[in-house]
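Please open the structure in your viewer and keep the selection panel at hand. The tour goes from one selection to the next.

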Amino acid sequence: MHELLHISNLNLTFETHDGPVHVLHGVDLSVGAGERVALVGESGSGKSVTARAIMGLLPDRRVRIAGRIGFEGADILREPPARTKARRGRDITMIFQDPMAALNPVFKIRQQFTAVLDRVDRRLTGQEAEEHMRAALRDVSIVDPGRVLDSYSFQLSGGLNQRVMIAMALASRPKLLIADEPGTALDVTVQQQTLNIMGNLSQAYGTAILFISHNLGVVRKFADRVCVMYAGRIVESAPTDALFADPRHPYTRALLASVPRLSSDRLPEPIEGSVPDLSKLAEGCPFRPRCQLSRPECDAPVPMRRDAGRSVACIHEASAA
Ligand SMILES: Nc1ncnc2c1ncn2[C@@H]1O[C@H](COP(=O)(O)OP(=O)(O)OP(=O)(O)O)[C@@H](O)[C@H]1O
Ligand SMILES: [Mg+2]
């Protein structure tokens, strides 16, 4: 599998009225062609900011960014903005948590979908575009594409809108689809159906997926590999089965332990403490204030230990080897 996206040592700071907020601290993240990688972690850990950086969707003036975001040999942070813009919506596309909010209520689905197709291929005739849209909607199991194209988003159910979003996001046969908590605004059954559709189609097209989710049950079924993010760093990355069978970072263990199990009548323990204030975070392991294993050495920068397709940033792992 060749590497499609390769982020190395990504650092990102927002300039706010209250001073700089250092949000990403040396993020390393790769996605292979056709691979499904899940990015998990608590609210505020930097998942969406990472996604927006890949898309080139962060405001220039208020953001300082360093490191490298490599995509098929190009460096997204150093190329002309026009090139990033041209890639967006064609080679890299994105779907969001709430399909209602992402679609424009003022235009019918047909107009919005046509605008998407225009970005991909301007030479399509009206008739060709219509056929393309109908086929794409049938691909996401919409049985009456004509009616859906004639509708406004607010006339459709959340599940239908989500399918429309998936059809639009995959219309260009992108190399990478970023799905930021897709469907968490929908009920669980509908969410599962739309994820299945997205998974099957992306497999058929060879589209890689960077899948951002809070739901570890979904991640386990969906992803080939999982990257665990905490306070703006990737603290552990492993193939999905290995991560669930043998989580190595104390934060990953705590995260897995906090998932409710149907077989248990006890509620799981939440992870004690809260995500640290990113503007005040010093060197060292970000999880140490909440970690039962923390030692004075955890105040020093933690090297990433890599072995057999896994990586983990914890001194206990390093000393255990
Ligand atoms: N425009 C901005 N200006 C200042 N800080 C920001 C901005 N956007 C995001 N942040 C901060 O960056 C951090 C990471 O935010 P991000 O949205 O990436 O988290 P997340 O992991 O996606 O969380 P969630 O699971 O809640 O979606 C947060 O502390 C957030 O407050
Ligand atoms: Mg987010």
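The stops below begin at the ligand and end at a pair of helices.

This is a predicted model, in which local features need pLDDT of at least 70 and side-chain atom pairs count only at pLDDT 80 or more, while totals for chains, interfaces and linings use all residues. Residues are numbered from 1 along each chain as its sequence is written, ligands are numbered from 1 in the order in which they are written, and side-chain values use heavy atoms, with hydrogens and water left out.

Select ligand 1 and the 15 residues around it, where a residue is near if one of its heavy atoms lies within 4 Å; Ser 43, Gly 44, Lys 47, Ser 48 and Val 49 come nearest. This shell divides into four nonpolar, seven polar and four charged residues, where Ala, Val, Leu, Ile, Met, Phe, Trp, Tyr, Cys and Pro count as nonpolar, Asp, Glu, Lys and Arg as charged, and the others, Gly among them, as polar.

Next, show the distances to oxygen atoms of ligand 1: a side-chain N or O atom of Lys 47 is 2.8 Å from one, a backbone N or O atom of Gly 46 lies 3.0 Å from one, and a polar side-chain atom of His 214 lies 3.3 Å from one. Strand S1 (3-16) and helix H1 (47-55) are the elements that give two or more residues to the shell, and H1 gives the most, with three.

Finally, select helix H4 (residues 109-120) and helix H5 (residues 126-139), which pack at about 105° with their axes 10 Å apart. H4 is therefore roughly perpendicular to H5, a term for angles of 65 to 115 degrees.

Technical notes: Axes are lines fitted to C-alpha atoms, for helices over the stretch in contact, and angles run from 0 to 180 degrees between N-to-C directions. Helices (H or I, at least four residues) and strands (E, at least two) are DSSP runs, numbered from the N terminus. Angles under 35 degrees count as roughly parallel, over 145 as roughly antiparallel, 65 to 115 as roughly perpendicular and the rest as oblique. A polar contact is a pair of N or O atoms within 3.5 Å; within protein, one must be able to donate a hydrogen and the other to accept it, and residues adjacent in sequence count only if both atoms are side-chain atoms.
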